[in-house]
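Welcome! Take a look at the structure below, and then we can walk through some questions together.

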Amino acid sequence: MTGLKDCSSREKLVVVGAGMAATRFVEELTNRAPDRYDILVIGDEPRLAYNRVLLSSVLAGELSVDDIELKPRQWWRAAGVEVLSGRKVIKINAAARRLLLDNGESVDYSKVALATGSRAARLPIEGADLPGVHVFRDVQDVEAMSRLEGRGARALVVGGGLLGLEAAYGLARRGVDVTLAHVMDRLMERQLDAVGADILRRLVEEKGVRVLLNANATRINGSGRVENVEFADGQTIPVDAVIFAVGIQPNADLARQAGLDVGRGVKIDDGLETSESGVFAIGECAEHRGVCYGLVEPAYEQGRVLAMRLAGQEASYGGSVVSTNLKVSGVRVFSAGDYLGEGDARRIVCKDPRMGIYRKLVVRDDRLMGAILVGDTNGAADILDLIRSGADISSQCDELMFGPPMREAA
Amino acid sequence: MLDEVLAPAALENLHNSIAPVQATTTRSTCPYCGVGCGVLASANGAEVIGDPAHPANFGRLCSKGSALGETLGLGGRLLHPMRRQADGAFARVSWDVALDEAAGGFRRIVDEHGPDAVAVYLSGQLLTEDYYVANKLMKGFIGSANVDTNSRLCMASTVAGHKRAFGADVVPGCYEDLDEADLIVLVGSNAAWCHPILFQRIMRNKEERGAKLVVIDTRRTPTAESADLFLQIAPGADQALFCGLLVNLAKVGAFDADYIRQYTTGFESALTAARNIAPSIEATAMSTQLREVDIAAFFELFARTTRTVTAFSQGVNQSAQGTDKVNAIINCHLATGRVGKPGASPFSLTGQPNAMGGREVGGLANSLAAHMGFEPANIDRVRRFWNAPRMAPREGLKAVQMFDAIARGDIKALWVVGTNPAASLPNANAARDALSKLELFIVSDNVTSNDTINSGAHLLLPAQAWGEKSGAVTNSERRISRQRAFMPAPGEARADWAIFADVARRMGFAGFDYGVAADVFREHAALSAFENDATRAFDIGGLARLSDAEYDALEPTQWPIRDGDGKGRARLFADGAFFSQGGRATFIAPAKPTLATTLTKDFPLRLNTGRIRDQWHTMTRTGASPRLARHLPEPFLEINPSDAADLGVEDGGFARVATPYGSCVLRAVATDRQPAGHVFAPIHWTDETAEDARIGALVAPFVDPFSGQPESKATPAIVTPLRFARQGFLLSRNPITLPEGVWWTRVAVADGYGYRVAADLSDDGWTDIIRAASACEDVAQLIDETKSLFSGAAFVEDRATLIWALAPVSPSWDLALELFARDRLDQSERLSLLSGRSGRQLTDDGPLVCSCFRVGQKQIEAAIQQGCRSAPDVGEATRAGSNCGSCRPEIQRLIKISLAAESAMDLAREDQTSMKEGASDETVGF
């Protein structure tokens, strides 16, 4: 128990994981109930929590790692929170309310919040573990990829979702010759329809990223290091690096070992509590009503709700309407809700392919159900609010599509 | 739309702003209404403005006249003689072939069937010289008086009324009377729209001299809106009102007994007839459906105002009793001696620019030449003057009868010149069918396509248009003005008089060797004076010996101008000297007022027809002006709101209006300007400009027994509502062929064509039309399934080539018209086209800074400008950075940058101040 304060008057709360969900949760909780808990945050990365969303900007060279730190050390100290960086919890003894750390130490808790996040997936294909094959998840990954910098380096990004696009853009900004291979027939198929994806593809290509669709990577070749990638259609692309951006898997091993209910992630109820009393989970490691969110916003909502509950306030989490923002400068993409709007939904679509603009609102019974905005994402916040609130929008369709009318000059 | 309908005619007062007349400026006259305004045209008509020196308008022009410069393009212009081929298409032929065919065809049919088997149908748009040669050819050489003109539809009742009352077709007064009258009564005249320059003179008189204006009309027109007293009279009841007036004038002793005794005849029988028709104010009220108090006010005003002008137009003329109406009005002026005196006269407002010239020439089937009729002495006189081999022995067939004769096959050859009877005649569908039966059907015109040409014309002869042709016109006040050419005739277009003269020569006739228009004019003037000796009103013998140069320089002049007169006369008949036997004017006893038709259960409404402010006739010229198209771009039906409600017709929706003769589909305008039971539709649209709006096809062909003028303003009709799933517009650089089932109307827009459309087409149906019309890849579009709306635009190199907008409710096209006129559109303008509004568009927020709340750099900079000095401040103001916070570094950077910029500014300001101080020191030092 070295270095840990023994404040018997306060309840002992341990947060496992030191990412964005954990930080927001701690911030909310210390604001609401400054003296109620004795808080310990344990994170396995050797640094303070940072904004993972901005890693693509770091990769692109637009920001440094220091720039994306969420809270400075003084803040943690001032909040009375102890942070253990570079430490990993390897076991939960729920019965004893005790955690075992990778250095052999153990920590007792009264309550524990799991915020262990997720890890990047790799395709289970031959050569996926060769040197030069990366994922795009944390600062280390970014640092590894940053070494590709320089004229003539060729990278293949596998995966045409949000993460893949951001990785490809970041590398392209560094002067790397980037090809992005996506197994589906369109980019960001979970967020965009065919028209929106097609406009996005053109915008991305204008940023210098070569895009291959329907491209199923089957094998990575190389002797001691990545040399080329083979595809199902028979083509082979010579590369110096491969970046997998094919999705994430919730980090639920710890919970599983502890005997908690686990699906894809750690199952939680509307109170963010797992099947084990006193054990909570938030963020990407959690599974709420069958949904594992891979975005920061639900994690923040969960963190806020849990903070309120632990501060003794009424709160419950009913799930999130998620929205997607692509963080690629000059390529604006927003998607939320029922973005396809099939069946009896009515669609309002504005498209100007040459100008790279596509805006689609999905409406059912005068309520906004979903939206896609490509190229021009103004009004997205209002649109998201309306999707969430379910307010009647029949009188404001034009404004949602084209912005508020200009006020007459006085 | 309501506001537009009410808007008074736009006037361009150019008195003060007139540019110095350039050497290249040509003085001419406007080709539209009978006011006959003078214009100044720069070379090639780049600019057409009012002529300050012309006494009709003193420099002013109405909206139509002001837009003349926009109407001179060659789009759709007939440039060469064309002959219809076996396949139905026209092919170019030489003038030689065309003239031989015209002359040979006329010759053959006259030889086989006699002279009355051929006919010529002329236009009030023609110049006096054109009329003269056509009339001479037909009545003196071919030997038939089957020469009539579209003036028959316009002024014939006034001609007949003038002849009955005055013994000659003479307008006794002049425009100055409108300036000098104390009471102006407008009967059946929407002068505010149809004679705007005269109306402005009336309004100025009202303002400056306090003249009263009484408007008598079935519709509350823009003219009526300006009246001191508006009498919304029942259709066909005008002579009841003026009979009642005559009776009342007798009752109050307002007659000019001396004038009646000295200069007139028939007074007693006319008064007796008037007493039968309208013995009292109560009886007048019954017949006219006016309030007694209004009638009494009008009668009282008329009785006590010596300087009274009663001006009348198509509401009087276009009636099966039009001639009686004219005479009922004239009776009141004769009885009060208010004829041809300053500010006191009956006054006919002529419709067309040269209807008067046509009347002077005799270009009507019931007159021979130069105001002479078919009396044996006149026939003999004209024969001798013309040295004519085969004089027409009797009156010919008037327009409606002429087309009946064509339908029967009695007339086998027709030459239509400068008019469009397939659109403008009553029962126009029957007229069109008749045209298709002709053995020889010649059309002289400026256009390659119109409803008449497309009714089976065999031979098209390209005529000079306004601005190219040269000759004389006469306006409503008997003022002869020169219309002069200021641009070369395009292609092979020729003067109409020259075409007629050539055909006459090829038919073997002597006396048609005219070299220039002046030759024709001198002959016309000489005929007017020939054996005249002041027995005929129309005498311009004083102009018979003009040299070519004097003719070219002829100043606007009022006839009569007898030989030896220095100048013409502004007014006639103040002291009698009428042209009937005995020199007395004749009171005419009018028939009991009645309409030619009665309403039935199937046709329970009265259809009135008329003009709108910014179009002229069938729009061949005004239709070329994008500016004029903006006023009322669609054919419409005005209907009283209570009728609309009863019939289920929506204001702004569509209505089918049908009569026993035909039907149209028009935009419905519910307005209380239109009395219940009456509907109104404008006459201007044809098959060239609309899918289903030829209003002539609906008009009953019943005519006045004296004038032969049809009753165009009171046809029984039925209106049914019509709805279309979508309506909207298409703006295209090229003409679009729209499929069956699409209601459309076409107007000129800048560098293209504007279509207003409506239909029940499927999405795919519209998409096919749009795709076919756009034919390019760069397309921006909005599809709003919630509103069944789609709009979009196709571009070639940043220029919109096609713009469309379709929705259940008609979208506004004003913004689209403006953007369509531009050569380049930027991104926000492209989006404006889709949104249909020019509001704040997308992408104005600058680069995105806060992803969570989508706050752009510009918004943040604005917050900093307003005093935010930290990221949390900015968050308070804009929400930026208040969620994930990942943009806070960037917000801080923006704060730092703008604070640095501000302090740099402060430094600069300090520097400036010190420099100033230094400078002043220096100044002191000096």
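Domain bounds here come from an automatic or database domain assignment. This is a predicted model, where local features need pLDDT of at least 70, side-chain atom pairs count only at pLDDT 80 or more, and totals for chains, interfaces and linings use all residues. Residues are numbered from 1 along each chain as its sequence is written, with chains lettered from A and ligands numbered from 1 in the order in which they are written.

Q: How far apart do the C-alpha centres of domain 1 and domain 3 of chain A lie?
A: In chain A, domain 1 covers 11-119 + 248-310, and domain 3 covers 332-402. Their C-alpha centres are separated by 34 Å.

Q: Which strand of chain B is joined to β23 (residues 605-610) by three bridges?
A: Strands are DSSP runs of E with at least two residues, numbered from the N terminus, and two of them pair if DSSP finds at least two bridges between them. In chain B, six strands close into a barrel in the order β23-β27-β24-β26-β25-β28, with mixed pairing. The antiparallel partner joined to β23 by three bridges is β28 (residues 715-722) of chain B.

Q: Which residue in β28(B) is the bridge partner of L605(B)?
A: Strands of a sheet pair through backbone hydrogen bonds, either parallel or antiparallel. For L605(B), the bridge partner in β28(B) is A717(B).

Q: Which residue takes a positive phi just after α29(B)?
A: Helices are DSSP runs of H or I with at least four residues, and α29 of chain B spans residues 827-835. Just after α29(B), a positive phi of about 75° is taken by G836(B).

Terms used: Buried ≥ 20, exposed ≤ 12 C-beta atoms within 10 Å, placed from the backbone.
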